[in-house]
Amino acid sequence: MSISDLFDSGFKNRNKGHFSAIVRVALSDGDITVEEREFIDKLAKNLEISKDEYDEIMDNPMKYPINPPYLYIHRLERLYDLARMVYADHILGPKQKEILIKFALALGFTPGNVNYIVDKALSLLVLNVDLDTFLFEMQNMNK
């Protein structure tokens, strides 16, 4: 097995873990709404989750381990990716903020400031900022 095979395998497993974590969050209130299903379908495509993997994860999202980001910067990077997907095609419509709050809490942001973080993230996406600008602005939003 080559190094690239190991990297591809690890990357693919991380994507499956990330996808299963999002499915768990969507299922946390007992049901997946139509809007959440559309978002999950789009996320599966972006993470290159195959149809078989999709079905397997939807049947048993607990099968794959969650790899929550330990470092704050990594949480912000995941928030950026998720926020871009939520915002991109307005799939979730008025529920954008609600679903992003659920995801942000699952990423480890605290309930006390999650609304402020999500509002800031969405406002930066309206401005179409890149990842570096997003990270800088999020890290310095209290200054």
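Biologist: Is Glu 48 buried or exposed?

Modeller: Glu 48 is exposed, because its relative accessible area is 59% and anything over 50% counts as exposed. Keep in mind that this is a predicted model.

Biologist: Which loop holds Asn 128, and what is its phi?

Modeller: Asn 128 lies in the loop between H6 and H7. Its phi is positive too, about 60 degrees, although Asn 128 is not a glycine. Asn 128 counts as exposed, at 67% relative accessibility.

Biologist: What share of the residues is buried?

Modeller: The protein chain has 143 residues, and 41% of them count as buried.

Biologist: How do I read contacts along the sequence?

Modeller: Ask how far apart the partners are in sequence. Take the contacts with a separation of 6 or more: 66% of them join residues 24 or more positions apart.

Biologist: Now the helix pairs. At what angle do H5 and H6 pack?

Modeller: Read the angle together with the distance between axes. Helix H5 (residues 96–107) meets helix H6 (residues 114–126) at about 120 degrees, and their axes are 10 Å apart. That angle makes H5 oblique to H6. The crossing of the two is right-handed.

Biologist: Which residues make that contact?

Modeller: List one side, then the other. H5 brings Lys 97, Leu 100, Ile 101, Ala 104 and Leu 105. H6 brings Val 114, Asn 115, Val 118, Asp 119 and Leu 122. Then sort the residues by class. The contact of H5 with H6 has seven nonpolar, one polar and two charged residues.

Biologist: H6 also packs with H7. What are the angle and the axis distance there?

Modeller: H6 and helix H7 (residues 131–139) pack at about 145 degrees, with axes 10 Å apart. H6 passes H7 in a right-handed crossing.

Biologist: Which residues of H6 and H7 meet?

Modeller: On the H6 side are Ile 117, Lys 120, Ala 121 and Leu 124. On the H7 side are Phe 134, Glu 137 and Met 138. By class, the contact of H6 with H7 has five nonpolar, no polar and two charged residues.

Biologist: One last feature. How many aromatic pairs are there?

Modeller: A search of the whole structure finds four aromatic pairs. One of them is formed by Phe 19 and Tyr 54. Read two values: the distance between ring centres and the angle between planes. Here they are 5.8 Å and 40 degrees, and the pair is tilted.

Biologist: Which parts of the chain does this pair tie together?

Modeller: Phe 19 is in helix H1 (residues 3–27) and Tyr 54 in helix H3 (residues 51–59), so the pair ties together parts 35 residues apart in sequence.

Terms used:
Residues are numbered from 1 along each chain as its sequence is written. This is a predicted model: local features need pLDDT of at least 70, side-chain atom pairs count only at pLDDT 80 or more; totals for chains, interfaces and linings use all residues. Side-chain values use heavy atoms; hydrogens and water are left out. Axes are lines fitted to C-alpha atoms, for helices over the stretch in contact, and angles run from 0 to 180 degrees between N-to-C directions. Helices (H or I, at least four residues) and strands (E, at least two) are DSSP runs, numbered from the N terminus. Angles under 35 degrees count as roughly parallel, over 145 as roughly antiparallel, 65 to 115 as roughly perpendicular and the rest as oblique. A crossing is left-handed if the near helix is turned anticlockwise from the far one by less than a right angle, and right-handed if clockwise. Contact means heavy atoms within 4.5 Å. Ala, Val, Leu, Ile, Met, Phe, Trp, Tyr, Cys and Pro count as nonpolar, Asp, Glu, Lys and Arg as charged, and the others, Gly among them, as polar. Rings of Phe, Tyr and Trp (its six-membered ring) pair if their centres lie within 6.5 Å; planes under 30 degrees apart count as stacked, over 60 as edge-to-face and the rest as tilted. Buried means under 20% relative accessible area, exposed over 50%, partly exposed in between (1.4 Å probe, protein chains only).
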